[in-house]
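Reader: I would like to learn how to read salt bridges. Can you take me through them step by step?

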Amino acid sequence: MRKETSFKTLMILMNAALIVVLLLAAAYVFYTVRSSQKEMSERMTDAIEDQMNSVDELLRAMNAYLVNTLHNAGSIDNLLAAPDVHTQNVAARKLIDDLYSKVRQSTSPVNFYFVCLKNGCEFHVFDQADPAYPVGMEVIQTLSDHDLPLPASNQWQYLSALGEDLLLKEYRYRTCVLYCWMPLEGLFDPVKEKVLSEDGLIRYLDQDTLEPMNSETVPSLDSSRFSCMQPIKYTSLQVLITDSFPFSIQSLILPLFLVLLIVSTVFSLSLYTLYYFRRHIERPIKNMSSLIDAYSTDQLSYRKTGIREINETLDALSGMRGQLEKLKIDMYEERLNHSKTELQYYQLQIKPHFFVNCFSIIYAMAQKKNYTGIQNFCLKLSSYVRFHFLNSFDLIPLSRELQHLSDYLDIQNIRHHTSSQIHEQVDEELCS
């Protein structure tokens, strides 16, 4: 036997499955976002740490280069010991060529400014980039106008020139001063180009106060953005690198809301369909079943619903019931008439010998010229036969039934020459 499932059960199962799918989808989205954020954080953290190691190595190498240039370069000694301007210019040119060679070999934009306090010789070597010259002249002007505090021997200090963040290193040897500066942006360009998105930000903070070194604002550090803070070795700075996650809970609020809205709409429609089915389909069908069952108990009653087809079906059933009732009555009457006909036929054949004997008695009485007896016998016989041809399906009074018995007894008395009698004790109320 084929297993049956109701539409109501299917709707309930569908709603339950819809809720489960929604929960699984939300869990999957949450897991995917978290996994994506974790993977991106690990990748960006590794890239930033690699770049920080490169920056540390670059600053350490520049410290060693400055010390080696001032202490070991023969051009410095020649410059200090030059007897005339020509010899001094030759020594200065040799030092400029060495600095230019360092600028071209450096992986990050680097700039130099040299001052000899003994003979007033000074020159600068800037990076080849276009902004390097105006920024470099601003740095030289700042160095000339302000007596900057000397940092530790291997420390670089922060300096801002024309809105650009710089790292400045000053190294002195005897009466010579060699300044070197590099743009902080150039140090972290690989991170910005290869790791960060368009929303990525790099901020430089004071290592002690964690305040920004310029007027730029520090983005809020929360779970909606990636953030990494690393100290810059050989400086008093920390670099803060932040970026937005490509897939964050906040960025998915609108898509999730739309999905939730669609699922909620489908769920609401399913609930309404379930309610509509229960009220306008399931209940009318049950009423229809009750209507069909009511035929046997003759308790037909129904209330119309909001479904036209079901109402038409109920009306058709009601009309069909009327037709069946009429057909049932017609068949009953036909069968009743048939039974009456059969009864009349059988009544004509009741005791044929009895009637033959009655005719013989009349003949014998006629031979004896007993006309009075013939008259009484005929009256009794006619009353007896008339009773048999009455409608046997109708009720008759008890007195009529007793009279029929008396007629039959009188006929038998005449036939057999006897004088039998019937003694009756019946209440008059029963005879009426």
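Author: We will go through the salt bridges here, pair by pair. This is a predicted model, where local features need pLDDT of at least 70, side-chain atom pairs count only at pLDDT 80 or more, and totals for chains, interfaces and linings use all residues. Residues are numbered from 1 along each chain as its sequence is written, and side-chain values use heavy atoms, with hydrogens and water left out.

Reader: What is a salt bridge?

Author: Side chains of opposite charge can pair when their charged atoms come close. The cut-off: a side-chain nitrogen of Lys or Arg within 4 Å of a carboxyl oxygen of Asp or Glu.

Reader: How many salt bridges does the structure hold?

Author: It holds 6. Take glutamate 57 and arginine 60, with N to O at 2.5 Å.

Reader: Is glutamate 170 buried or exposed?

Author: Buried, at 8% relative accessibility. Buried means under 20% relative accessible area, exposed over 50%, and partly exposed in between (1.4 Å probe, protein chains only). Its salt-bridge partner is arginine 172, with the closest N and O atoms 2.6 Å apart. Arginine 172 is partly exposed, at 38%.

Reader: Which residue does lysine 192 pair with in a salt bridge?

Author: Glutamate 185; their closest N and O atoms are 3.8 Å apart. Lysine 192 is partly exposed at 38%, and glutamate 185 is partly exposed at 43%. Elsewhere, salt bridges with shared partners join Lys380, Asp407 and Asp410 into one network.
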